[in-house]
Amino acid sequence: MNVSLILIILLVGAFATFLAGDKLASKVALFFGLAAAGAAIVLLNHYNLGENISFINQWITQPNISFALKADGLSMAMLLLTTVLTPIIIFSSFGNDYKNSKSFYALILFMSFAMAGTFLASDGLLYYIFWELSLIPIYFIALIWGNGDAEERKKAVVKFFIYTLAGSLFMLVAFVYMYQKAGSLLLEDLYKLNLSATEQLWIFLAFFLAYAIKIPLIPFHTWQASVYQKAPTVGTMLLSGIMLKMGLYSVIRWQLPLAPLAAKEYMYIFIGLGIVGVIYGSIVALKQKDLKKLLAYSSLAHVGLIAAGTYTLTLDGLRGAVLQMIAHGFVVVGLFYTVEIIFRRYETRAIAEMGGIRTQSPKFTSMFLILVLASVALPTTFNFIGEFTVLYSLSQINIWFAILGGTTIILGAYYMLKMFQHAMLGETNTKPFADVTVNEGITLVLIIGVLFFFGMYPKPITDLITPSLEEILTQINRIN
């Protein structure tokens, strides 16, 4: 039993969902999503028992390309994030009707397949193929089932597609160059390369372009807010909850160990870029009147802090970044889902048109408040563990990085609580707000449960990821 099973389940699920027809598509997709999550948990148990669940097989002889899937603590953590969030996202969509739903749900599973492949691949070409494959389904999901004016939506989605594809081409060039040096694209063979400082700098920058656009980091963020706003909520959840983590994960797995000299030489610049993203995202979020856009810029601030943590090149920085990636994945999916719940009742995302929901739906208001507090890193929530660890790692590099990075908590608390006040409190709204349905309640309770459980007991995840991160740090520090 190995990790290829997850990819098989998700790919077969995508085809089965499409063939099931519109009436059964959502249920078939949920079944395969749950099957993949269950298989991931079983594989995790095998991994914890010391079994080898990686998979490697010669794929192409000339050039020398392997179908290699690496299962270590880091990739297993990201695989679990993907396979657990996928059925939650599918289940959250059950309150909506989608035209041609068989294609819609098939694309969700295919995207999950591509993202899981990206987290597992340990051959450069295979990794690049999965990386690009994940772009195709979200392009169609956002373009066909998105919101707002069709022409504006098309512009936003096409910009995102071209921008991301163009950035990835630089990464492909870097892989081609390294293949000429190593004769292989297996991760362990690339790690053995003895590249000069100049070579490492160019490879570092090539990877940085691809990742900075995907995450996104300032100044490569211009696609984000409009695509998050125009995409259907399911698409926004997939983008913010899982897809942007591909870029952050890849910084740790590929960029830093392959170009450690450049990472050390320019550490302060890239930490600075992350911190700038924190401050910029927070300030722009303050001015937003659309709830989805506010959360988009809030997400930009949070991922800026995560990126800053990865570039500290410390164990605390890497560990905090991974913990925060997972925590952010759950909380941002929960927050975007609350926006969808409000939209189902009020058919608006404008904060000014909300208010007074608390008196009509205290249950929903309570769950919304918990997610808001989790997003601003309230102690006992999962986000607090990640953000505190990242800020501690930044203080080890320079105390001012930690102080400036901490603005994500201070400003975040201000604009999130201000948004909550305008959206939930005040006089009873003239529009009726039906209480949460059973499906909506289950989805929110599951997400909140994860945030509290790992907020109070993060040990299972830290134990899982730490050995892998220590190995990566050994690789980064191989040349002093």
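This is a predicted model: local features need pLDDT of at least 70, side-chain atom pairs count only at pLDDT 80 or more; totals for chains, interfaces and linings use all residues.
1. Local features need pLDDT of at least 70 and side-chain atom pairs count only at pLDDT 80 or more, while totals for chains, interfaces and linings use all residues. Residues are numbered from 1 along each chain as its sequence is written, and side-chain values use heavy atoms, leaving out hydrogens and water.

2. The lining of the largest cavity, counted as residues with an atom within 4 Å of a point, includes His302, His328, Ser375 and Asn383. Helix H14 (291–310) and helix H15 (315–346) each supply at least two of the lining residues, and by class the lining holds 4 nonpolar, 6 polar and no charged residues.

3. The second largest cavity, with a volume of about 30 Å³, is lined by residues among them Asn96, Tyr98, Glu340 and Arg344. H11 and H15 are the elements that give two or more residues to this lining, which divides into 4 nonpolar, 4 polar and 2 charged residues.

4. Helix H9 (residues 197–214) reaches 26 Å from its first C-alpha to its last, close to the 26 Å expected for its 18 residues at 1.5 Å a residue. Its buried residues (under 20% relative accessible area, 1.4 Å probe, protein chains only) include Glu199, Phe204 and Lys214, and the buried residues of H9 pack against helices including H5 (124–133), H7 (150–182) and H11 (233–258).

How values were computed
Helices (H or I, at least four residues) and strands (E, at least two) are DSSP runs, numbered from the N terminus. The expected span of a helix is 1.5 Å times one less than its number of residues. Buried means under 20% relative accessible area, exposed over 50%, partly exposed in between (1.4 Å probe, protein chains only). Contact means heavy atoms within 4.5 Å. On a 1 Å grid over the protein atoms alone, a cavity is a set of points where a 1.4 Å probe fits but cannot get out, and a pocket is an open set with protein on both sides within 12 Å along at least five of seven lines; lining residues have an atom within 4 Å of a point. Ala, Val, Leu, Ile, Met, Phe, Trp, Tyr, Cys and Pro count as nonpolar, Asp, Glu, Lys and Arg as charged, and the others, Gly among them, as polar. Grid points are joined across faces, edges and corners, and a volume is the space filled by probe spheres set on the points.
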